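Please look over the sequence and the structure below before reading on. The report that follows is meant to be read beside them.

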There are 2 protein chains.
Amino acid sequence: MRTNLMNHQVEDQMLLISQLYPSLCTPQLVPGEGETKPRRRRKKNKGEITDVGTRKRKLSAKQVDLLELNFGSEHKLVSERKDRLASELGLDPRQVAVWFQNRRARWKNKKLEEEYSKLKTAHESVVVEKCRLETEVHLLLYLLLLLTFLNICGKICSLRVCVSLILSFVLKTSLSLN
Amino acid sequence: MRTNLMNHQVEDQMLLISQLYPSLCTPQLVPGEGETKPRRRRKKNKGEITDVGTRKRKLSAKQVDLLELNFGSEHKLVSERKDRLASELGLDPRQVAVWFQNRRARWKNKKLEEEYSKLKTAHESVVVEKCRLETEVHLLLYLLLLLTFLNICGKICSLRVCVSLILSFVLKTSLSLN
DNA sequence: AACTAATGAGCCGTAACAAG
DNA sequence: CTTGTTACGGCTCATTAGTT
């Protein structure tokens, strides 16, 4: 709750104040008075010296709105539209052109930022999927190993069965021969 | 930042400004009476673009070099160093502070760009690896299928061998019994 | 001690300009 | 026009210092 509440409409009042009490705006230039205690309660309007020279450096919200509207429909600016806008807004055509230039630059930067965040999310999702695939590969390798092992075991068992069968056959025949 | 304040004063303060920063004072600021909005150094359409002596809007290469040197050693700026730099460069301390602020902003943007390109390369490599893993998964699935098939075939063959063995055994015994 | 206003410094957004 | 640079206004935060 400070001077930041004083916005566009208050500027004129501040201007009036600064005109009525010009000494308030230049306290540092005359610091020799009242050195005893009154250090506090210096003019609080120090931040916005909306003097005659500095008036309206920033465009008003209404002007910006209209400019944004026009920018939304078309980023480029032909001189015809520029002049029309300038007269509508009460601005210098040069100011309108500069505003559009800066706006385009800002838009470009914002675009880049968007690209960055998009790329970031895409990257993260791809990383997640890569991890998933890695675990899948590990699982599949394990399965492959297991299956091979089982295959070998099966072969061994089959071999054992065959061997036992052959042995029993041989035994039986030798016994029967005896 | 009292000088910042004085920058916003009315015409009677302009004398002070010009005394403090004669090289920076733009002459069109002094007669700032009829200008409604555009207060700032504005004179591009005036005939006296050629008074280079009073202009000096851009810092000289030498000044920028020294500033860059100092920025390289330390991005932050304590008031002591700021004042020293300002006196060394013949600049307003406010200008030095502003320059460092802008330089930090530029550095930040550059950093972001670097981050972007780094992220991009990382993203691309991860995408490549993901594709590799996908083909690997496909290959492993194929191998798994093949091995399972071979396993089944092997079992069938083993079964056939066993059956033939058993059959021959039965035949032999029956023959020997006969 | 708690409260509160003033102040200083930093960051952000942006106007204006300059150079290319 | 685009890109880069200088400067300013507004905001936040931490610190300081007068008031209660």
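## Confidence

This is a predicted model, and the mean pLDDT of chain A is 73, with 69% of its residues reaching 70 or more. Among the elements of chain A, the highest mean pLDDT, 92, belongs to helix H3 (residues 61–73), whereas helix H2 (residues 22–25) has the lowest, at 36.

Over residues 1–56 of chain A the pLDDT stays under 50, and for this stretch the model has 44 contacts beyond four places in sequence. Where pLDDT is low, the predicted coordinates should not be read in detail.

## Fold of chain A

The secondary structure of chain A consists of five helices and zero strands, which, read along the sequence, gives the pattern α-α-α-α-α. Of the 178 residues in chain A, 25% are buried. When the contacts in chain A with a separation of 6 or more are considered, 57% of them are accounted for by residues 24 or more positions apart.

## Pairing of the H5 helices

Two packed helices are described by the angle between their axes and the distance between the axes. Helix H5 (residues 93–177) of chain A packs against helix H5 (residues 93–177) of chain B at an angle of about 15°, and their axes are 7 Å apart. Because angles under 35 degrees count as roughly parallel, H5(A) is described as roughly parallel to H5(B). The crossing of H5(A) and H5(B) is left-handed, and the residues of their contact divide into 36 nonpolar, twelve polar and 18 charged.

One of the residues of helix H5 of chain B is B:Lys130, which has a relative accessibility of 16% and therefore counts as buried, the cut-off for that class being under 20%. Once its neighbours within four places in sequence are left aside, B:Lys130 is in contact with A:Val126, A:Glu129 and A:Leu133.

## A buried asparagine in chain B

B:Asn70 is placed in helix H3 (residues 61–73) of chain B. The relative accessible area of B:Asn70 is 11%, so this residue is buried, again by the cut-off of under 20%.

Not counting residues up to four places away in sequence, B:Asn70 touches B:Arg81, B:Arg84, B:Leu85 and B:Phe100. One of these, B:Leu85, lies 15 residues from B:Asn70 along the chain, and the C-alpha atoms of the two are separated by 8.7 Å.

Note on methods: Residues are numbered from 1 along each chain as its sequence is written. Chains are lettered from A and ligands numbered from 1 in the order in which they are written. This is a predicted model: local features need pLDDT of at least 70, side-chain atom pairs count only at pLDDT 80 or more; totals for chains, interfaces and linings use all residues. Side-chain values use heavy atoms; hydrogens and water are left out. pLDDT is the predictor's confidence in each residue, from 0 to 100. Helices (H or I, at least four residues) and strands (E, at least two) are DSSP runs, numbered from the N terminus. Contact means heavy atoms within 4.5 Å. Axes are lines fitted to C-alpha atoms, for helices over the stretch in contact, and angles run from 0 to 180 degrees between N-to-C directions. Angles under 35 degrees count as roughly parallel, over 145 as roughly antiparallel, 65 to 115 as roughly perpendicular and the rest as oblique. A crossing is left-handed if the near helix is turned anticlockwise from the far one by less than a right angle, and right-handed if clockwise. Ala, Val, Leu, Ile, Met, Phe, Trp, Tyr, Cys and Pro count as nonpolar, Asp, Glu, Lys and Arg as charged, and the others, Gly among them, as polar. Buried means under 20% relative accessible area, exposed over 50%, partly exposed in between (1.4 Å probe, protein chains only).
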